Amino acid sequence: MVQHIQENGVEFEACLVAQCDALIDALNRRKAQLLARVNKEHEHKLKVVRDQISHCTVKLRQTTGLMEYCLEVIKENDPSGFLQISDALIRRVHMTEGQWGKGTLTPRMTSDFDLTLDSGPLLQTIHQLDFVQMKVPAAPMLQLEECCTQNNSATLSWKQPPLSTIVVDGYILELDDGNGGPFREVYVGTETICTVDGLHFNSTYKSRVKAFNASGVGQYSKTLIMQTSEIAWFTFDPASAHPDIILSNDNLTVTCNSYDDRVVMGNSAFSRGVHYWEMTIDRYDNHPDPAFGIARGDVLKDVMLGKDDKAWAMYVDNNRSWFMHNNSHTNRTDGGISKGTTIGVLLDFSRGILIFLINDEQQGPVAFEGLEGVYYPAISINRNVQVTLHTGLPIPDFYTPGEADPTGSVC
């Protein structure tokens with residue numbers, strides 16, 4: 001370490017001298033340029049004055065000649081000759097006198113040099129000349145003991161290496177798409193911990209982080225591989241619910257204070273994998289038609305689920321059920337609900353299908369096919385129904401993801 005410090009000190013001093021010498025050379029070059037401007041102004045002033053002197057000298061000669069001629073005329077003894085030219089001479093004398101009075105002798109150039117060297121900012125800059133950080137930051141270290149996944153969220157934490165003294169202005173966190181795709185930026189800022197929500201369930205994500213400062217961007221940290229939950233745990237989302245919706249039991253139980261159908265969605269979205277959740281009918285009065293299914297984030301909240309093109313649902317009464325999407329009703333199926341009934345929803349993105357169950361038995365055929373994108377669990381109810389949500393459930397035994405015909409293996 002002593003040897004390295006000595007070698008680095010000598011090298012650093014040499015660099016510092018070279019930098020200062022370069023500044024001095026630049027100042028000398030600028031000095032020469034400014035002196036050239038002063039000399040140019042000096043020559044210009046002299047030229048203007050010399051031109052004026054030459055002009056006055058010529059004028060003086062002409063005036064002296066006129067005066068000498070006038071004196072000679074006055075000495076002339078012939079009065080008639082004098083009278084013939086006297087008026088012309090008088091006019092010439094007056095004209096010459098007037099020309100001298102029009103500023104011929106007024107200097108056309110000042111002797112002062114109207115140039116002021118503005119050295120204040122440069123002096124201030126020289127006084128502020130100091131050492132700054134010119135190295136990019138070292139690669140951050142991921143703190144594995146604080147990195148974790150929960151449901152479809154990932155939390156990552158990092159820090160700078162212990163011996164690093166390089167200034168860090170911020171960090172850039174990158175994740176891939178959970179399927180071996182390219183990395184993308186998910187966070188840029190000064191914090192050293194970040195939680196990324198809305199990831200795919202049952203997916204493996206690669207993550208890395210790098211630091212940056214005014215000198216540039218440093219190297220990436222080591223890549224950390226994180227696995228999101230295979231099974232989804234979620235609750236109903238108060239933020240997305242219609243105002244008439246009433247939530248309780250840690251947002252797992254839902255009812256409504258209106259006789260009209262109102263929509264509430266789950267707080268997790270799905271776009272990949274196979275997911276299954278159930279809802280228990282806690283209260284069922286006066287034969288309402290609750291609807292269960294999935295929806296886009298911008299689904300209508302004040303109509304029955306499935307009335308618009310943003311939801312795919314099964315609505316059911318005490319005797320039968322229907323599938324509904326974009327207000328189109330299909331596949332009427334016998335078998336209704338009552339207090340204590342369990343509704344199951346199975347969403348399989350590997351095949352793009354949605355299946356409904358009542359009391360552990362599939363209700364009708366495959367409800368919807370060709371599903372792709374991002375969907376939220378959703379239901380619509382009125383004040384005559386109360387439902388409790390159950391999540392984190394395994395896939396029903398009868399169903400194997402990827403089977404050609406799941407209806408053929410219903411128990």
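Student: Quick one on Asn 151. Is Asn 151 buried or exposed?
Tutor: Asn 151 counts as buried, because its relative accessibility is 14% and the cut-off for buried is under 20%. Keep in mind that this is a predicted model.

Student: Where is Asn 151 found?
Tutor: In the loop between β2 and β3. Strand β2 covers 148-150, and β3 covers 153-159.

Student: Why flag that?
Tutor: Because most residues other than glycine have a negative phi.

Student: Now Asn 286. What is phi there?
Tutor: Near 60 degrees, again positive in a residue other than glycine.

Student: And where does Asn 286 sit?
Tutor: Asn 286 is in the loop between β13 (274-284) and β14 (291-295).

Student: Is Asn 286 buried or exposed?
Tutor: Exposed, because its relative accessibility is 63% and exposed means over 50%. Asn 151, by contrast, counts as buried.

Student: Switching to Lys 210. Which strand is Lys 210 found in?
Tutor: Strand β7, which runs over residues 204-213.

Student: Buried or exposed, that Lys 210?
Tutor: Lys 210 counts as buried, since its relative accessibility is 14%.

Student: What does the side chain of Lys 210 join up with in a polar contact?
Tutor: The side chain of Tyr 220, at 3.0 Å.

Student: Which other residues is Lys 210 in contact with?
Tutor: Leave aside neighbours within four places in sequence. Then the list includes Pro 140, Gly 170, Tyr 171, Ile 172 and Glu 174. Val 217, Gly 218 and Gln 219 are also among the contacts, as is Tyr 220.

Student: On to helices. At what angle do α1 and α2 pack?
Tutor: About 155 degrees, with the axes 11 Å apart. Helix α2 is residues 79-100, and α1 is residues 2-74.

Student: Parallel or antiparallel?
Tutor: Roughly antiparallel, because the angle of about 155 degrees is over the 145 cut-off. The crossing of the two helices is left-handed.

Student: Which residues of α1 make the contact?
Tutor: Cys 56, Lys 59, Leu 60, Thr 63, Leu 66, Tyr 69, Cys 70, Val 73 and Ile 74.

Student: And of α2?
Tutor: Phe 82, Ile 85, Leu 89, Arg 92, Val 93, Thr 96, Gln 99 and Trp 100.

Student: How do the residues of that contact divide?
Tutor: Into 12 nonpolar, 3 polar and 2 charged.

Student: What about Glu 43 and Ala 18?
Tutor: Those two are 25 residues apart in sequence and 37 Å apart, C-alpha to C-alpha. Glu 43 also lies in α1. Glu 43 is partly exposed, at 46% relative accessibility.

Student: Last one, His 4. Where is the place of His 4?
Tutor: In helix α1 too. His 4 is partly exposed, with a relative accessible area of 47%.

Student: How many Å separate the C-alpha atoms of His 4 and Leu 247?
Tutor: 67 Å, for a pair 243 residues apart along the chain.

Terms used
Residues numbered from 1 in each chain as written. Predicted model: local features only at pLDDT ≥ 70, side-chain atom pairs only at ≥ 80, totals over all residues. Heavy atoms only, no water. Helix = DSSP H or I, 4+ residues; strand = E, 2+ residues; numbered from the N terminus. Buried < 20%, exposed > 50% of the residue type's maximum accessible area, 1.4 Å probe, protein only. Polar contact = N/O pair within 3.5 Å; in protein donor to acceptor, adjacent residues only side chain to side chain. Contact = heavy atoms within 4.5 Å. Axes fitted to C-alpha atoms, helices over the stretch in contact; angles between N-to-C directions. Parallel < 35°, antiparallel > 145°, perpendicular 65-115°, else oblique. Left-handed = near helix turned anticlockwise from the far one by under 90°. Nonpolar A, V, L, I, M, F, W, Y, C, P; charged D, E, K, R; others polar.
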